[in-house]
Amino acid sequence: MDVKPLAAFGAEITGLDLTRPSPALAETCFRLFDTYGVCVFRDTGLDDAAHVAFSYQFGQLEHAPLIHTRAHRLSLPELFDAGNLNADGTIRSDERSRLFSKGNQLWHTDSSFRPERSSYSMLLAHITPPEGGDTEFADMRAAYRALPDDMKARIEGLEAEHTIWHSRKLAGYPDASERETTMIPGARQPLVLVHPRTGEKALYLARHIARIIGLPKDESDALIDELIAFATQPQFVYVHQWRVGDLLVWDNLCTMHRATPFNDLGYPRDMRRTTVRDRPLEIPA
Ligand code: OGA
Ligand code: MN
């Protein structure tokens, strides 16, 4: 195995065969995830089943909800569709699903709007556009460490209300329907998260945050903006340019990420993601 740390943070790992799960592979990966926050694996050779099997080594997997489609394009329930294709392989052009996807262009962490939240997301590139469509990652441990002491003191112990419908609203998605809010109601999360494996503190931020509990709305909005602007300065950010076969694993508890624009009506982009739960559900979905 060869590990090449990336400039801002994260690492590119070569020489690991991800297609054959084993306790030794899982242990090696856990250590890499703990150290680097974002791990880039190139030319993985993973198909859907192997992608899902690799992911199950790290915990329970979320099942992708049916939000604005009647049927999933992908055959395995654990695969989230982060691309722009219809089930028949044509490019998606309906406005509602385009706006929903546009929400991913806001800085966020996956599933912070669920009480059980998510530890790792594992995104595999199947088709990439010829230009655009990079994904950016920000290091929430380094950002936390770099905060002035008075800010650290101010945010200690604060909690935030996360809901996916807030980030969708910011992206221009219409007000969520009652069915949508019932399906994904939201969750309260600490603003500073102590990582369950490493014990390190990190900012737990996302544009899913609708408000910080106990603060007046203007103060809450200003604090969210200030923290996200601080935490996404260039020195904390890695920009990933995708190649087909790349698997990126990021730790949602100590990173944020966002999609970047591309010509989504002109080029297919097929990206499939598994999402590992941080805290298991008592009754798995
Ligand atoms: C995701 C996500 C960004 C992208 O899959 O969680 O935010 O560039 N993806 O597709
Ligand atoms: Mn995401």
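Let me start with Cys29: the sulfur of Cys29 lies 7.6 Å from the closest cysteine sulfur, which belongs to Cys39, and that is too far for a bond. Keep in mind that we are looking at a predicted model. The cut-off for a disulfide is two cysteine sulfur atoms within 2.5 Å. Cys29 is also buried, with a relative accessible area of 0%.

Cys254 is in no disulfide either; its nearest cysteine sulfur is again that of Cys39, 10.0 Å away. Cys254 counts as buried too, at 2% relative accessibility. For the structure as a whole, the number of disulfides is zero.

In Thr135, a side-chain N or O atom is 2.6 Å from an oxygen atom of ligand 1. For Arg273, the distance from a polar side-chain atom to an oxygen atom of the ligand is 2.7 Å. With His257, a side-chain N or O atom and an oxygen atom of ligand 1 are 3.1 Å apart.

How much of ligand 1 does the protein bury? Taken alone, the ligand exposes 290 Å², and the protein buries 99% of that.

To recap: the structure has zero disulfides, with Cys29 buried and Cys254 buried. Ligand 1 has oxygen atoms at the distances I gave from side-chain atoms of Thr135, Arg273 and His257. That is what I have for today.

Methods:
Residues are numbered from 1 along each chain as its sequence is written. Chains are lettered from A and ligands numbered from 1 in the order in which they are written. This is a predicted model: local features need pLDDT of at least 70, side-chain atom pairs count only at pLDDT 80 or more; totals for chains, interfaces and linings use all residues. Side-chain values use heavy atoms; hydrogens and water are left out. A polar contact is a pair of N or O atoms within 3.5 Å; within protein, one must be able to donate a hydrogen and the other to accept it, and residues adjacent in sequence count only if both atoms are side-chain atoms. Accessible areas come from the Shrake-Rupley method with a 1.4 Å probe; for residues, only the protein chains shown count as cover. Buried means under 20% relative accessible area, exposed over 50%, partly exposed in between (1.4 Å probe, protein chains only).
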